[in-house]
2 protein chains.
Amino acid sequence: MPDRSLIFPAAEYRARTERLQAEMAVHALDALLLTTPADVFYVTGFLTRFWESPARPWFVLVPATGAPVAVIPAIGADLMSRTWITDIRTWDAPDPVDHGVSLLTDTIREMVPVQGKIGVPSGLETHLRMPLSDYETVLRRIAPRSIDDGTACVQRVREIKSDAEVAKIRETCAIAGRAFDRVKDFAGPGRPLDAVFREFQIALLSEGADWVSYVAGGAGPDGYGDVISPATPTPLDPGDILMLDTGAVRDGYFCDFDRNYAIGTASDTARRTHHALWNATEDVLRDLRPGHRACDVHRMLCDGLTRRGAEPGGGRLGHGLGITLTEWPSFTPLDQTPLRAGMVLTLEPGAIVAPGRMIVHEENIVLRENGPDLLSPRAPAELPELVG
Amino acid sequence: MPDRSLIFPAAEYRARTERLQAEMAVHALDALLLTTPADVFYVTGFLTRFWESPARPWFVLVPATGAPVAVIPAIGADLMSRTWITDIRTWDAPDPVDHGVSLLTDTIREMVPVQGKIGVPSGLETHLRMPLSDYETVLRRIAPRSIDDGTACVQRVREIKSDAEVAKIRETCAIAGRAFDRVKDFAGPGRPLDAVFREFQIALLSEGADWVSYVAGGAGPDGYGDVISPATPTPLDPGDILMLDTGAVRDGYFCDFDRNYAIGTASDTARRTHHALWNATEDVLRDLRPGHRACDVHRMLCDGLTRRGAEPGGGRLGHGLGITLTEWPSFTPLDQTPLRAGMVLTLEPGAIVAPGRMIVHEENIVLRENGPDLLSPRAPAELPELVG
């Protein structure tokens, strides 16, 4: 029986750690302190839904050379011991007096030279998952060791997916693709939107998702006003466009794409808009190459929509994807991040159909030297109609 | 059609805000800065799974008097406008140059006096959900305004649930209770554990969960080694004890309780242990009163187990519950938090059955003046057997 708690062979995590250490050398960092579920999973393979409890912080310290050290609550020792990590230090948490602070301090003092610099991800798309007052205490106690921003170090490594990671994301995308194929079985005129959301999550689980971290969507005449709200019990009406968007998870890896459906017969407006979105995506699937920047994708998608008579809208038009629902970069006019081979990305053009109403289209790709390779099964060129 | 995005009438949120402001006055705070999904939902009713994306921070500023102000990414404006909040300030996020920093700074400067003090939750069970470097920039720009720990202020308010909140948690517990009743339909000898986890999530959704944020469990001879791992495909064996534990969500409110099942005929060890766990819980259901401290519950449960020949184990033996899977306090020997009427709590005694193997039992209660009121349907006194 393979141990699925590891997800990948130890060699995968060792290679990740070595790539992090190469970046750390460039940034003159003597260690990286990681605190989020994604960063901890990335270097260790420690995967659990227990992060849902805010009661306990978890720490991984990546030294300049050698294997990472886990400084974690005792409740995680059994699971962590099944990863490739061998240096596991635990405390009985939650401890209102010393919530891992002494153990983390001692570990840093032991592993980082007195004049050393520790990278902590502090920039865009990061947060520190530990009590701020404990962090400040650790900083005082490890002085004169200093802190520097570890964001670029982590992001330049994590954004390039290994073939093993791409295979996982492709598998999750296939699961969601099969669930989308079943939407016609439970969505149609008169069906309440919240029931559709539930059935869609059930379909994702039935098709092999380990869990469903994200489902959103919307429905409205020719388009929807908002793509982040929970579902209401409002029944679907003929003339509505229904959108479902999911971040399902298999083996710790997300998909993130959506599908649109016309309830009853699609209007000309809806069909024209869907056509523009689909073809603007085709342009990028054909033309995108490593060396383009994130903002170039935004421009390519906007141009593709405008040329076809659609009005671009909906904020950023795509982003990175992997072990969180969304990763950097963002396809906005401001994001200059260079795109590189091995990045997994979403193409997510949105078009305004009326004031306060839009349609959003989304696919997942991995960027290769010769262009994008689709990970999500391609949406149908024609907007599907659910006649119920 | 009621607007479910609000969950409660505006009066509920106004009362919460006034209770926060009363605590703020005690702590001499001129404002509270909130950044986490739970804190933002608590004061505004803003409920979305979109927090799953780490790309954007969200801010709510609670002033000393009057309604809170939302400082949020534009993508959330539509949903926030359906809450009781009217002062909603947005920026186009993600913005790699100014990710809400100027807007938040300006809002604080406008609303907090120059010599004012802003509470930021920084203690046990908290974290700051925004990039650390942006936080440091805001701090510099709002000087001489200062920061103080807002943890106690938020926790003393949130830990006392209104009747409307208790009703929501009771409803989620009922959903999970019905899903547990269906476990016999899909778990039994030979069934892979990961398939059981999927079917259990499907049952939770079918019974009315909006989503399933947490499922954990374990299976092994007479008990399990670990309660936080994802499921493996290992088939259930006669003699195993299967445990399933869930934090399902309905209208933003969690349940958090588990159930145990013997696969085939339960051994004497398993039955004796389950009996001790069930009866130790009965003791607390009978004897617990406001005025007890968190550590008293730990002692009561340990005494109840020891007296019945079982060995207490499994870390903390319960905790708070509400709009996150776990809330403070923790039933450990160290936690002195006084228990008060209106607290929703889990009773979670664990017992060691063999080295590295345990059984954990869990119920959810609301503490009233005259003692606990069960929110979860009480587990059967006898360990159920799945003969499949």
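In chain B, Ala354(B) stands opposite Arg357(B), a residue of β16(B). The structure is a predicted model.

**The hairpin in chain B**
- Strand β15 of chain B covers residues 350-354, and it pairs with strand β16 of chain B, residues 357-360.
- The pairing is antiparallel and runs over 4 bridges.
- Between β15(B) and β16(B) there are 2 residues, and Gly356(B) in this hairpin adopts a positive phi near 75°.

**The overall form of chain A**
- Chain A contains 11 helices and 19 strands.
- The radius of gyration of chain A is 23 Å, which agrees with a compact globule, because a globule of 388 residues would have a value near 21 Å.
- Of the 388 residues in chain A, 56% are buried.
- Among the contacts in chain A with a separation of 6 or more, 71% join residues 24 or more positions apart.

**The contact between chains A and B**
- Chain A contributes 67 residues to the contact, and chain B contributes 66 residues.
- On the side of chain A that touches chain B, the elements giving two or more residues are α3 (77-80), α5 (132-142), α9 (193-206) and β7 (211-221) of chain A.
- The largest share of this side, 6 residues, comes from β7(A).
- By class, this side of chain A comprises 29 nonpolar, 24 polar and 14 charged residues.

Key. Residues numbered from 1 in each chain as written. Chains lettered and ligands numbered in written order. Predicted model: local features only at pLDDT ≥ 70, side-chain atom pairs only at ≥ 80, totals over all residues. Pairing = 2+ DSSP bridges. Contact = placed C-beta atoms within 7 Å. Nonpolar A, V, L, I, M, F, W, Y, C, P; charged D, E, K, R; others polar. Rg over C-alpha atoms; globule rule 2.2 N^0.38 Å. Buried ≥ 20, exposed ≤ 12 C-beta atoms within 10 Å, placed from the backbone.
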